[in-house]
Amino acid sequence: MIRATIAGVTGFTGEELLKILIRHPQVEIAHLVSRKAGLRISDIHTGVSLEASTENLSSGIINDTDVAFLCLPHAESAKTAYRFYEKGKRVIDLSADFRFRNAADYRRAYGVSHPRSEERRVGKECRSRWSP
């Protein structure tokens, strides 16, 4: 089984991803991360039948994860992605932080510098995927 963590599970993208992953035969939902810990998923997403609660991100969660799905706002996702990436975890980012190939395009689109532009890695050796 693949132990998956969803960061940003309380939002729309997190909800839709959760609906997909709970039906996947090779995925175990390990952790559901939110800034607000202790929220019951069934109370947040009434269409999701899962008895679980949200947690704050911690090093224990990162270590207990095979793959992290990030459903966070731009400028939040890059910081979280690298916490997983630095521990050798796979990351699939569904936000906007890695949508652009260069920092100048990110700045033009969002009006701020990319939070980790100096460390972006793209290519075959990359363990992470960014969703355009």
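## Ala 68 and strand S3

Ala 68 is part of strand S3 in this predicted model. Its relative accessible area is 0%, so Ala 68 falls under the 20% limit and is buried. Leaving out residues up to four places away in sequence, Ala 68 touches Thr 5, Phe 84, Arg 90, Val 91 and Ile 92. Between the C-alpha atoms of Ala 68 and Tyr 85 there are 9.3 Å, and the two residues are 17 apart along the chain.

Strand S3 covers residues 67-70 and is covered on both faces. Ala 68 and Leu 70 are buried on one side, while Val 67 and Phe 69 are buried on the other.

## Strand pairing around S3

Strand S3 pairs with two strands, S1 and S4. Strand S1, residues 2-7, runs parallel to S3 and is joined to S3 by four bridges. Within this pairing, Ala 7 has Leu 70 of S3 as its bridge partner. Strand S4, residues 90-93, is also parallel to S3, again over four bridges. Here Phe 69 is placed opposite Ile 92 of S4.

## Helix H4 and the crossover

How is the β-α-β unit of S3, helix H4 and S4 handed? The unit is right-handed, with H4 spanning residues 77-85.

Helix H4 is mostly covered, since seven of its nine residues have under 20% relative accessible area and are buried. These buried residues are Ser 77, Ala 78, Thr 80, Ala 81, Tyr 82, Phe 84 and Tyr 85. One of them, Phe 84, is in the list of residues that Ala 68 touches.

Gly 8 sits in the loop that links S1 to helix H1, residues 12-21. With a relative accessibility of 12%, Gly 8 is under the 20% limit and therefore counts as buried. Beyond its neighbours within four places in sequence, Gly 8 is in contact with Gly 14, Val 33, Cys 71 and Leu 72. Gly 8 and Leu 70 are 62 residues apart along the chain, yet their C-alpha atoms are separated by 6.4 Å.

## The largest pocket and Ser 34

The largest pocket holds about 290 Å³ of space. Its lining consists of 15 residues, and those nearest the centre are Val 33, Ser 34, Arg 35, Leu 72 and Glu 76. By class, the lining divides into six nonpolar, six polar and three charged residues. Val 33 and Leu 72 from this central group are also among the contacts of Gly 8.

Ser 34 belongs to the loop between strand S2, residues 27-33, and helix H2, residues 41-44. Is Ser 34 buried or exposed? At 11% relative accessibility, Ser 34 is under the 20% limit, so this residue is buried. Apart from neighbours within four places in sequence, the contacts of Ser 34 are Thr 10, Thr 54, Glu 55 and Asn 56.

## The whole chain

The protein has five helices and five strands. From the N terminus, the order of its elements is β-α-β-α-α-β-α-β-α-β.

Of the 132 residues, 39% count as buried. Among contacts with a separation of 6 or more, 55% come from residues 24 or more positions apart.

Terms used: Residues are numbered from 1 along each chain as its sequence is written. This is a predicted model: local features need pLDDT of at least 70, side-chain atom pairs count only at pLDDT 80 or more; totals for chains, interfaces and linings use all residues. Side-chain values use heavy atoms; hydrogens and water are left out. Buried means under 20% relative accessible area, exposed over 50%, partly exposed in between (1.4 Å probe, protein chains only). Two strands pair if DSSP finds at least two bridges between them. A crossover is right-handed if, with the strands pointing away from the viewer, the path from the first strand over the helix to the second runs clockwise. On a 1 Å grid over the protein atoms alone, a cavity is a set of points where a 1.4 Å probe fits but cannot get out, and a pocket is an open set with protein on both sides within 12 Å along at least five of seven lines; lining residues have an atom within 4 Å of a point. Grid points are joined across faces, edges and corners, and a volume is the space filled by probe spheres set on the points. Ala, Val, Leu, Ile, Met, Phe, Trp, Tyr, Cys and Pro count as nonpolar, Asp, Glu, Lys and Arg as charged, and the others, Gly among them, as polar. Contact means heavy atoms within 4.5 Å.
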